[in-house]
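Hi,

Here is the structure I promised to pass on. Have a look at it first, and my notes follow below.

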Amino acid sequence: MRSFRVALVGLSPVAARRPDNTFFGRAINSHAAAYAVHPNCEVVAVCDIRRDMVTAFRSTWADTWPTIAGYNDFRDLLSDGVPDIVSVCTPDNAHAHIVEDAASAGVAGILCEKPLATDLADADRMIAACEAHGTALVVHHNRRFLPVYHRVRDLLLAGEIGRLQRLSCYHAEPRAMLFRNGTQMVDTLCFLAGSPVVDVWGRLEPGYEHWDRYRGDGGHDAHSEPSAAARLTFANGVTAAYEGVRTRGRVVWFDVGGTEGSVRVQDRYAELTTQAGSSVLVPEPYDGGGVTAAVSEVVRLLLYGGESISSPRAARHTLEILLAILESHRRGNQPVRL
Ligand SMILES: NC(=O)c1ccc[n+]([C@@H]2O[C@H](COP(=O)([O-])OP(=O)(O)OC[C@H]3O[C@@H](n4cnc5c(N)ncnc54)[C@H](O)[C@@H]3O)[C@@H](O)[C@H]2O)c1
């Protein structure tokens, strides 16, 4: 079986966390943990501008990968040997140069954390570099890799709730930040609608009136960027409402309304209501979802080719919508045509 040499860039918990060694703590919730269970992958190098993060990673994963090379500059990593796959887990506004350098050096597959970028010029350079060098780029918008959302999308495609008319998302959490986490929800609305957005209305949390473009810190401080509300119109006529609000706890749900029924979706299950009554949809066992599925997707593209379920073009469109929300706010909440 072909094996792939992997490098991780940016070593905070999303890249490096090791699941606790207890039964209920074993959910795979980091890139490293997902590579550790993938039969085709071996992590050979890691990079972080902070030396302590490199040291901590090597010690945490020493029993799995005893000879990982550590770097503080990604270009040094590339000049010592080009890996097959790179996971990009740097801050939200620091994905672009890593992806461009990796693609230009000949890396075959990249798993990039969301959002793809925080401005369109960065996104376009990333996509151009990957297309020019034949690099497969997968963006880790989580819900595209969770089974329940595929179950609901399949149900929509099969017409089980008639014609899709309306979507909504309630996104409440202390870090209901538009780019950092709202990107996940907007991307999921696009995934479910199955059509591009043509019209965007947006309103930002008070206090962020100066946000005519992304002005965040890469997604670190929860108050470095606004929460937002938006109304989207898709080319197929479906409309969607997104409501991001700051709360103490965390609640995320999606409502999916069709001419013959509706579905309320949370990350682990969905409730379907039609004329026939209500039923709970529980997806297939969970161990194939999340970042494990995203890693499998990169490997699948390298082995067999094809288009990712979470392609850079889809992620660019999501970014375009986030930026249109800013633009709508700047224009006094006028709708923006895409
Ligand atoms: N999909 C998910 O569920 C999920 C969860 C958490 C974070 N994320 C994403 O992961 C990314 C990282 O988020 P974070 O909060 O951990 O970020 P962070 O600000 O903590 O930075 C991550 C690491 O990258 C390092 N770094 C910064 N610039 C670098 C560079 N040029 N080269 C090498 N290392 C560099 C930092 O030192 C840090 O250790 C973000 O894009 C975020 O949106 C995704």
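Angles under 35 degrees count as roughly parallel, over 145 as roughly antiparallel, 65 to 115 as roughly perpendicular and the rest as oblique. Please keep in mind that this is a predicted model, where local features need pLDDT of at least 70, side-chain atom pairs count only at pLDDT 80 or more, and totals for chains, interfaces and linings use all residues. Residues are numbered from 1 along each chain as its sequence is written, and side-chain values use heavy atoms, with hydrogens and water left out.

Now the helix pair. Helices (H or I, at least four residues) and strands (E, at least two) are DSSP runs, numbered from the N terminus. The axes (lines fitted to C-alpha atoms, for helices over the stretch in contact, with angles from 0 to 180 degrees between N-to-C directions) of helix 5 (residues 96-105) and helix 6 (residues 120-133) cross at roughly 15° and come within 8 Å. Helix 5 and helix 6 are therefore roughly parallel to each other. In contact (heavy atoms within 4.5 Å) are A96, V99, E100, A103 and S104 of helix 5 with D122, R125, M126, A129, C130 and H133 of helix 6.

Six strands form an open sheet with parallel pairing, in the order 3-2-1-4-5-6; two strands pair if DSSP finds at least two bridges between them. Strand 3 (69-71) and strand 6 (136-140) are the edges, each pairing on one side only. Strand 2 (residues 41-47) and strand 3 run parallel and are joined by three bridges, and V46 stands opposite G70 in strand 3. Helix 3 (residues 51-60) packs on the sheet, touching strand 1 (4-9), strand 2 and strand 3, and its direction makes about 165° with that of strand 3.

Best wishes
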